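Me: I would like to go through the labels used for this model and ask what each one rests on. Please set each value against its cut-off.

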Amino acid sequence: MSRQAWTGALHVLEHNALVYRRTWRGSVFVSFAAPVMFLAAMGVGLGTLVNRGTPHGIGGFSYLEFLAPGLLATATMQTAFSETTYRLLSRIRWARTYDAMLATPLEVQDVLTGELVWLAFRLLMVATFYFVAMFLFRTLLAPGAVLAIPVAVLNGLAFAAPIFAFTASQQTDAGFPVIGRFVIAPLSIFAGTFFPIDRLPVAAQAIAWLTPLTHGVALSRGLTLGTISMQPALVHLAVLLLYTVVGIGLARVTLSRRLAP
């Protein structure tokens, strides 16, 4: 992108930052409180019972150590969904924020780039707070565990970009509950977050591996526990990048059509 194009995207990013300035306190509190509560309730509370039933742990690790990286990836997926549905449709249709932006020298590409950069920032914030909580619960067992943060961000973008493209094509919010109930919620349970994928039927395993969250969970877990090798890591990374790149391309098309004069 040219310097002029990045300047336009920075103006969109500045707008988002000014709006966020009014709500950042509550957002930061939730971003830190949520992982602490989830890890305490599911990892320590439920994990105590799971560890009693599996004396050797899951793959040699306690349930808390197994669960934490899965929750990290799941959190960025859920954040991506919330950021690219109602908020985005409001700016397109109800508040007409993008129409106001395009009345200036900004172009559709500036809007898209600025929004994607803002999404990356929000995902980075959520992932960082989750990582801090994981550190406090002593679930980071490998030197490369910090790489789980950018992986979690990429995992979020792998969902954010396609959902962005979908939202830009919608006239109402009727499709959002469908995505939440039949995509986001099932993936949160069956993509390897709470139990190993190999506990599922073979057909369900195949479907799970077609989704970005399964790869995001596997890569995050492998990095934090130090159990992943180079080849599987590259496969997981390639799938996440594929979803992100294709999603951005689709978002560019749908948003351009939607905001075309």
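Me: Why is Phe176 called buried?
Reply: This is a predicted model, and in it Phe176 has a relative accessible area of 1%. Buried means under 20%, so Phe176 is buried.

Me: What makes Tyr86 and Phe176 an edge-to-face pair?
Reply: The ring centres of Tyr86 and Phe176 are 4.9 Å apart, and the planes stand at 80°. Rings pair if their centres lie within 6.5 Å, and planes over 60 degrees apart count as edge-to-face. Tyr86 and Phe176 therefore form an aromatic pair of the edge-to-face kind.

Me: Which parts of the chain does the pair of Tyr86 and Phe176 tie together?
Reply: Tyr86 belongs to helix H4 (residues 86-94) and Phe176 to helix H8, so the pair ties together parts that are 90 residues apart in sequence.

Me: Is Tyr86 buried, exposed or partly exposed?
Reply: The relative accessible area of Tyr86 is 38%.

Me: Which other edge-to-face pair can be described, and what are its values?
Reply: Seven aromatic pairs turn up in a search of the whole structure. Among them is the pair of Phe32 and Phe129, with 6.2 Å centre to centre and 65° between the planes. The limits are 6.5 Å for the centres and over 60 degrees for edge-to-face, so Phe32 and Phe129 qualify as an edge-to-face pair.

Me: How do you know that this pair links distant parts of the chain?
Reply: Phe32 sits in helix H2 and Phe129 in helix H6 (residues 108-136), 97 residues apart. As for accessibility, Phe32 has a relative accessible area of 30% and is partly exposed. Phe129, at 22%, is partly exposed as well; buried would need a value under 20%.

Me: Which residues do ring pairs link into a cluster?
Reply: Tyr20, Trp118 and Phe121 are linked in this way.

Me: Why is H7 called roughly antiparallel to H8?
Reply: The axes of helix H7 (residues 148-167) and helix H8 (residues 175-190) cross at roughly 160° and come within 12 Å. Angles over 145 degrees count as roughly antiparallel, so H7 is roughly antiparallel to H8. The crossing of H7 past H8 is right-handed.

Me: Which residues make the contact of H7 with H8?
Reply: H7 contributes Phe159, Phe166 and Thr167, while H8 contributes Gly175, Phe176, Ile179, Ile184 and Leu187. By class, six of the contact residues are nonpolar, two are polar and none is charged. Gly counts as polar here.

Me: At what angle do H2 and H3 pack?
Reply: Helix H2 (residues 24-53) and helix H3 (residues 63-83) pack at about 145°, with their axes 9 Å apart. H2 passes H3 in a right-handed crossing. On the side of H2 the contact includes Phe38, Leu39 and Met42, and on the side of H3 it includes Tyr63, Leu64 and Leu67. The contact residues divide into 11 nonpolar and three polar, with no charged ones.

Me: Is Thr139 buried or exposed?
Reply: Thr139 has a relative accessible area of 0%. The cut-off for buried is under 20%, so Thr139 is buried. Its place is in the loop between H6 and H7. Not counting residues up to four places away in sequence, Thr139 touches Leu64, Glu65, Ala68, Met134, Thr224 and Leu225.

Me: What makes Arg138 exposed?
Reply: Arg138 has a relative accessibility of 71%. Exposed means over 50%, so Arg138 counts as exposed. Arg138 is found in the loop between H6 and H7.

Me: What is noted about phi of Arg138?
Reply: Phi of Arg138 is near 60°, a positive value in a residue other than glycine. Most residues other than glycine have a negative phi. Phi of Arg96 is also near 60°. Arg96 lies in the loop between H4 and helix H5 (97-102), and at 43% relative accessible area Arg96 is partly exposed.

Me: Why does Leu259 count as buried?
Reply: Its relative accessibility is 9%, and the cut-off is under 20%, so Leu259 counts as buried. Leu259 is found in helix H11 (residues 230-259). Leaving aside neighbours within four places in sequence, Leu259 is in contact with Tyr98, Asp99, Leu102 and Val108.

Technical notes:
Residues are numbered from 1 along each chain as its sequence is written. This is a predicted model: local features need pLDDT of at least 70, side-chain atom pairs count only at pLDDT 80 or more; totals for chains, interfaces and linings use all residues. Side-chain values use heavy atoms; hydrogens and water are left out. Axes are lines fitted to C-alpha atoms, for helices over the stretch in contact, and angles run from 0 to 180 degrees between N-to-C directions. Helices (H or I, at least four residues) and strands (E, at least two) are DSSP runs, numbered from the N terminus. Angles under 35 degrees count as roughly parallel, over 145 as roughly antiparallel, 65 to 115 as roughly perpendicular and the rest as oblique. A crossing is left-handed if the near helix is turned anticlockwise from the far one by less than a right angle, and right-handed if clockwise. Contact means heavy atoms within 4.5 Å. Rings of Phe, Tyr and Trp (its six-membered ring) pair if their centres lie within 6.5 Å; planes under 30 degrees apart count as stacked, over 60 as edge-to-face and the rest as tilted. Buried means under 20% relative accessible area, exposed over 50%, partly exposed in between (1.4 Å probe, protein chains only).
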